[in-house]
Amino acid sequence: MSGDSAASAPGRSGGRPGRPVGRKATGSNWGRLFEGGLLEGGVQGSPVIRLFMRWVRRPLLPVMRLWRRNIQLKVVATTLLMSLGVVLLLGFVVIGQVRNGLLDAKVRASQSQATGGFAVAKQQAEQDVSVTGDEDIAPEGHPSQSVIQWMSDLVASLSSGGQGAFDVVTLPAGGESGSGRGPRASGEVNPTVSVPAELRERIDSSTSPAQSYTRVVYNDDKESQPALVIGKQVNDPNGDPYQLYYLFPLTQEEKSLSLVKGTLATAGLFVVVLLGAIAWLVVRQVVTPVRMAAGIAERLSAGRLQERMKVTGEDDIARLGEAFNKMAQNLQLKISQLEDLSRMQRRFVSDVSHELRTPLTTVRMAADVIHEAREDFDPVTARSAELLADQLDRFESLLADLLEISRFDAGAAALEAEPIDLREVVRSVVSGAEPLAERKGTQIRIVGDQQPVVAEADARRVERVLRNLVVNAVEHGEGRDVVVKLAAAGGAVAVAVRDYGVGLKPGEATRVFSRFWRADPARARTTGGTGLGLSIALEDARLHGGWLQAWGEPGGGSQFRLTLPRTADEPLRGSPIPLEPKDSRRNRGLDDAGLPRGGDGEKSATVPVGQPGSGSARDPFPLPPAAVTPTADPTALPGSGARVVARSGRASGSTRMTPGTLGEAGAPLGGGGKDAAARRPSEDAGDPARRTGDEGPGDESATRDAERDGEASRGR
Amino acid sequence: MMSFMKGRVLVVDDDSALAEMLGIVLRGEGFEPSFVADGDKALAAFRETKPDLVLLDLMLPGRDGIEVCRLIRAESGVPIVMLTAKSDTVDVVVGLESGADDYIVKPFKPKELVARIRARLRRSEEPAPEQLAIGDLVIDVAGHSVKRDGQAIALTPLEFDLLVALARKPWQVFTREVLLEQVWGYRHAADTRLVNVHVQRLRSKVEKDPEKPEIVVTVRGVGYKAGPS
């Protein structure tokens, strides 16, 4: 029932922070959870975590933003990462191969060297057996001095063949020691440490040569080196086994390998950097036209239809450019065709109206002459003459309205604004409506005319709007009083015309401004309105950058409010008069709290306010702010017809205004639409009066108003 | 002076039906209408008939109404009432600036037309001898002359009426509505552009520097008043 209330009830949404209505919990899908949650502030949980997340996020945000927005960065970064991976893999493979190759050669050379050495050792031992055969009598376990000497000689002679290329080590077999044949080594090699124990065991347990990698440790200050060690168990002249090792330092190979590694790393780095640069260049080639296209598309959509892309070459980018240009051209063509069509149509309407005027003038004059002479006619003809004259009046006013509308449509309506006192206009309108009011038994009261209500406006248009509103109110007021209220506050002035007649059904508050709209098609057309009055009034209001809005409840009457900026070109942010009057049934709900309410009141107890469609929601006043749950029904958002768009040459998208709400004392609390709401905090800071009211302008009030479908101003 | 003959009216209109209807109405009111349908012949007809008032349709074949208006105004101060189908700012203002005293938008009621014509012819009644001063101008109301330093300034009857209305009450600020009523004879407020345009025309004739008016002074937000004598 009360769905027509378009203004937020006073106190309803007070003090609520203007959270965007559309924001909901982060979505169910993970991507959104991540993006919307982690990165955009949807993190739920303890304040500490949230604070921490914010702290972490803040420096990252620009980077993330850049990452999301910059495809070039993405491609270059991905290319860098991937080429780095490829280069690393390649490097490892190459290095492995080189090392294997180097070592294989070394091992083969070393093996042949060692084998030769072992043969020499064996040969020498056999030779010396014959030489030292006599001394074989020496007691077991005490090798003769000659064997010890022999072994030292052996080591010296074996190692002499390869100064620096290898070293020779002998170790006693089986780990025995103290036999006098202690470890010997050439070239300051520490024999026991340099030969791994595991190799020694292997040599002990077999007679074939074995090899291993190790590090050669020197007794002097020389650094230890990686080396290949090949060993074999050999017999000395006494026939006792001992271990003979060849140690081949891998210094050279190490050097070669590190050289290869260094080369590879340098090359890899260059490759990666070059690939990145190439990717950057290549992507730039693609991205630059795309960015150009995006920029031009933006300019196109901003209305600069003659913008075109520069096309060079015949590649895909050029084709994109050509296609884009073709699209733009077709678009331009179509738009200009439509514009022409629209212009022609408007012109046609205008011309028709004008062409009709000359014959109509003749008819009019003829009818008047006949009408003047009707007393001389018989009753039937006389009545016909009367009907003729009356209907000509109606025809005339219809034609005039049509012409006026076509003038608005053509954008030919010009505002001749000068400072006027709206009280004068209201008084003249009211006095003009007095005869009609007397016939209807209605009394018209003017409220709020103690102080001047001055605004820069076109007096002729404002008078037309107000005459329309007042006459409508009287005609639909069913004989009850009509109250015309004036107020000025902030940068706005307002005139509200309140009647207590049949009111408006839900949804009608927006439709009343439609052309040729009638509340009830079945209702007899008793009043001779043209059906264009309110449409023209709305256009007049719009021309001023003002609002014309309606509120109504079935059976409870209606209120039409005209809000104008005090000075032309000043955007409206609120109206000094709440759209829903204080004496609406809903607002009286509180005052009559103890009294049984009508059907409306009963429902109010159960139906929460703000539900779209629950037109009869009437809630106690004042409602705790939290109880208002703004929903994001897109059809209910401002823009579904619940606003007036200022016409004055600004881009319509950015200057939409939604009706605001106002404090009871007339302080402008109301905000404009979303844009205005977004700006509000700073603006309000300078205007304490705006804060004193308990009525929060906020988006949700506007939204809810629209949801209630009671908002009457119409946007197109 | 014209008690029997209320006035000759030249109707310049190409629509024969409307012209005929205008003739019927005007004759019914005691005027003496004569007709011309072509803009090119309008001036010749004007010279020939010497009407007291011209009803001029703005849209004419041949010379258009604006041009005809300008030509007539160039040689006579006779009242000109335009008939126009367009009440748009530009058309009306151009018409008024070309010298028309008043305009009436089609479709109009016969009574409205007659009232406008009467208002424009009203000043033909004998005025009382009266001498007025406004700024450095001397106005002889009966003699219908305005002089500055003995030099006569040519004004149309309407401009003269406007000046006289202001000069008679130099202490009073006239709103445009009041001037419309007093000078044009509108009973309720109409298009205030009429006043604006004619004040401009008047200033261009009587002011030494129309940019800095001293005779007809604008009172911002209210209207006009006579400059100090």
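**Two chains, one predicted complex**

One of the residue pairs to look at is B:Val11, whose bridge partner in β3(B) is B:Leu55. Before I go on, please keep in mind that this is a predicted model.

Those two strands belong to an open sheet of five strands in chain B, in the order β2-β1-β3-β4-β5, with parallel pairing. Which strands stand at the edges? They are β2 (32-36) and β5 (102-105) of chain B; each has a single partner strand, so one side of each is left without a neighbour in the sheet. On average, and ignoring direction, neighbouring strands here are turned by 20° against each other.

Now the helix on that sheet. Helix α1 of chain B, residues 16-28, lies across β1, β2 and β3 of chain B. Against β2(B), the helix runs at about 165°.

Two backbone details in the loops of chain B. The peptide bond from B:Lys106 to B:Pro107 is cis, and its omega is near -10°. You will find B:Pro107 in the loop between β5 and α5 (110-121) of chain B. The other is B:Lys50, which is not a glycine but has a positive phi, near 45°. B:Lys50 sits in the loop between α2 (39-49) and β3 of chain B.

Further along chain B there is another open sheet, this one with four strands in the order β6-β7-β8-β9 and antiparallel pairing. The edges are β6 (131-134) and β9 (151-153) of chain B, and since each has a single partner strand, one side of each is left without a neighbour in the sheet. Neighbouring strands are turned by 30° against each other on average, again with direction ignored. Within the sheet, β6(B) is joined by four bridges to strand β7 of chain B, residues 137-140, and the two run antiparallel. There, B:Gln131 stands opposite B:Asp140 in β7(B). What packs on this sheet? Helix α6 of chain B, residues 157-168, does, touching β6, β7 and β8 (145-148) of chain B. The direction of α6 makes about 85° with that of β6(B).

Over to chain A, and its helix α7, residues 251-301. How does its span compare with what its length predicts? At 1.5 Å a residue, the 51 residues should span 75 Å, and the end C-alpha atoms are 72 Å apart, which agrees. Still, α7(A) has a kink of about 30°, centred on A:Arg284. Just after the helix, A:Gly303 takes a positive phi of about 110°.

Last, confidence. For the complex, the predictor gives an ipTM of 0.77 and a pTM of 0.52. Chain A averages a pLDDT of 72, with 70% of the residues scoring at least 70. Residues 1-43 of chain A stay under 50, and for that stretch the model has 123 contacts beyond four places in sequence. Residues 133-142 of chain A are also below 50, and this stretch has five contacts beyond near neighbours in sequence.

For chain B the mean pLDDT is 83, and 91% of its residues reach 70 or more.

Methods: Residues are numbered from 1 along each chain as its sequence is written. Chains are lettered from A and ligands numbered from 1 in the order in which they are written. This is a predicted model: local features need pLDDT of at least 70, side-chain atom pairs count only at pLDDT 80 or more; totals for chains, interfaces and linings use all residues. The expected span of a helix is 1.5 Å times one less than its number of residues. The bend at a residue is the angle between axes fitted to the seven residues ending there and the seven starting there. Two strands pair if DSSP finds at least two bridges between them. Axes are lines fitted to C-alpha atoms, for helices over the stretch in contact, and angles run from 0 to 180 degrees between N-to-C directions. Two residues are in contact if their C-beta atoms, placed from the backbone, lie within 7 Å. pLDDT is the predictor's confidence in each residue, from 0 to 100.
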